[in-house]
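This report describes selected local features of one protein structure. Please view the sequence and the model shown below before reading on.

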Amino acid sequence: MTTPMLDRVFSPVSLGPLQLDHRIVMGSMHLNREDDPRALAAFYRERAAGGAGLIVTGGAAVNRTGAGGANYLLINDPAAAAVMSPVLDAVHHAGGKMALQLFHAGRYAFEATYGIRPAAPSEVYSDFSRCVPRAMTRTQIEDTLSDFAAGAAAARSLGFDAVEIMGSEGYLINQFASPLTNRRRDGWGGDPQRRQSFPRAVLKAVREAVGAGYPVICRTSGADFVAGSSTLEESAALAVALARDGADAVNIGIGWHESRVPSVQAMVPPGRWLDIAGGIRAALAAARLPVPVIGSNRINSLEAAERALAAGQADLVSMARPFLADPGIVAKSRRGDRSLVNTCIACNEACIDRSLGAEPVSCLVNPRAGREADFPLRPVPPPSGARVAVVGAGPAGMQAAATLAAAGHAVDLFEREQTIGGQFRLAGQVPGKGDFLQTIRYFTHELARLGVHVLTGTAPDTARLAGYAHVILATGVRPRPVRLRTSGDLPVLDYRQAFADPAALGPRVVIVGAGGIAVDLSRLLVEPEVPGGGRDITILRRGLRIGEGIGPSTRWAVLQDIRAAGVRTLPGTTPLEVTAHGLRVRDRDGAAALLPADVVVLAAGQVPHLPHRAALTRRGVPVTVIGGALDASGLNAVRAFDQGLTAGTAVARLLDGRIPG
């Protein structure tokens, strides 16, 4: 039965001849697994089985010049059929539908991939690929149009239910539409009307290749967010032109890789950019074009999608990363199991950041993502009789406990604090990172569903742990001690103490350390809406890189944010002594200075916290150590969740006797 509050989401809709029974589209994601049909088929099968209606593939390059990297699918290469045929079979067998995204990177391609200089409308340097592309000749433009047409025909022949033309996010088609990157003075550029020529020609070529009765979606930019690029009015006019030319839907993208406006980071409120899609929907209505508009970017719940549909901002909503976090998000939401949805927290660490390189894409809060074939879901078997203790309920411990319980083992999860979550509880306090608390909400309910016995406020001793068949130590980290001379009684706290009571800190705070935790703490303390916020904040570190360890798609946005809020960042600075008036330091030029402060906070890394291992080993109790307790260097939640999955799986198999013990 449809949840009443999601009536609009679960109403049918048509994209031309394509009938869909709900309005959630699984958006395109490049997975860096496009050379592995087994992994791709398992990945997409699970999402189709979990309720995804229309799934859009990662970009399939129409030629080698337009590939975004060496592992992009080349749709016009004969090898593409061997990769995508089993994927299509898996999706269709699970009841889903699939669209192939036709892709050309333009100036965002990399010459190193195939030894081909990137091609674009004009020779405009790209900060993303760090090159000046060659300007396409008229013949090359015509050849590229033919490649788009051939790719569309190949997609239809393979059995795809639709194609999507990728024309946003600063890729080739978007480059032709923008005055910033299209400086031509021929029929392909020179004014807004002629800059529409290439996007419209691509649609025409694709439509002729697949016929009038085959669905074609155009993804087009709603806002480039790059100075000197298309105006909102020009972007809307292009969307109207594409709809008039026969697009069955327009999917609205936001921002370029070179944009300095955050569009997908955690700091962006859910649904922030849907008003832009709403403006294009209004422009289509004014032109009397009943073409559905798909809204996208930073929507991580079906409730948010319902609000967008109710507000008239879109006819459908595209969600990509939320399907990484939870392949069953649609099915769970449909049956009212909202508490069991594993919410995307927009951290980007295992998804977008990896997609920009060569590492296979996964998900921080769902380490199975992309590895479903290696970690298949099975019905939870009856309890095995073996009881396992997991000590520590941070990311690694929560995941390990859930993995073991799903394999049929009885699990006691110990947490010395009063709630589970570990350092995710700290992250959830930071402005823009409140969704980290949704991960704790999910595991609270998922662990209960799986029958894990959670003992909060409990720190077991060695004697108690000695009675278990196996002990997993996920006891985490402690702040790394920093030895500083002191003269005077100025308070010196570690970062956990500062997070515990930020309102009690004075108006001037100096933070020693400038990694992810220090940056997060500065965001908390400088935010005027946070109790005790709006302070004078300085962060410093001996090294030269502020925000070390923050992913590349997020770091620039966070640093831009804190600096705009007045946080001083001092790289190359050595702390010397805490005085009654502040912190004496030596700057990067060797000069001494005093940083006035009411409190000094130490956030200069962590060290493993590892009780019990030696004592349990002496007693012959099998022990596995995971997470920060194993390695605190570059404290990494992606690694912690992953170790929870892999260690939990390994211990379960060991206890099952599937591998020798």
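## Thr-573

Thr-573 is placed in the loop that joins strand 23 (568–570) to strand 24 (574–578); helices (H or I, at least four residues) and strands (E, at least two) are DSSP runs, numbered from the N terminus. This is a predicted model, in which local features need pLDDT of at least 70 and side-chain atom pairs count only at pLDDT 80 or more, while totals for chains, interfaces and linings use all residues. Residues are numbered from 1 along each chain as its sequence is written, and side-chain values use heavy atoms, with hydrogens and water left out.

With a relative accessible area of 4%, Thr-573 is buried (buried means under 20% relative accessible area, exposed over 50%, partly exposed in between, with a 1.4 Å probe and protein chains only). Leaving aside neighbours within four places in sequence, Thr-573 is in contact with Leu-540, Arg-541, Arg-542, Val-585, Arg-586 and Asp-587, where contact means heavy atoms within 4.5 Å. The C-alpha atoms of Thr-573 and Arg-542 are separated by 4.8 Å, although the two residues are 31 residues apart along the chain.

Arg-441 belongs to helix 16 (residues 436–450). Not counting residues up to four places away in sequence, Arg-441 touches Arg-338, Ser-339, Leu-340, Val-341 and Thr-343.

Gly-451 is found in the loop between helix 16 and strand 16 (453–456). Gly-451 counts as exposed, at 55% relative accessibility. Between the C-alpha atoms of Gly-451 and Asp-412, 39 residues apart along the chain, there is a separation of 9.4 Å.

## Cavities

A cavity is a set of points on a 1 Å grid over the protein atoms alone where a 1.4 Å probe fits but cannot get out, and lining residues have an atom within 4 Å of a point. Grid points are joined across faces, edges and corners, and a volume is the space filled by probe spheres set on the points. The model has five cavities of 30 Å³ or more.

The largest cavity holds about 120 Å³ of space. Helix 8 (232–244) is among the elements that give two or more residues to its lining, and helix 8 supplies the largest share, three residues.

Technical notes:
1 Å grid on protein atoms, 1.4 Å probe; cavity = no way out; pocket = protein on both sides within 12 Å on 5 of 7 lines; lining within 4 Å.
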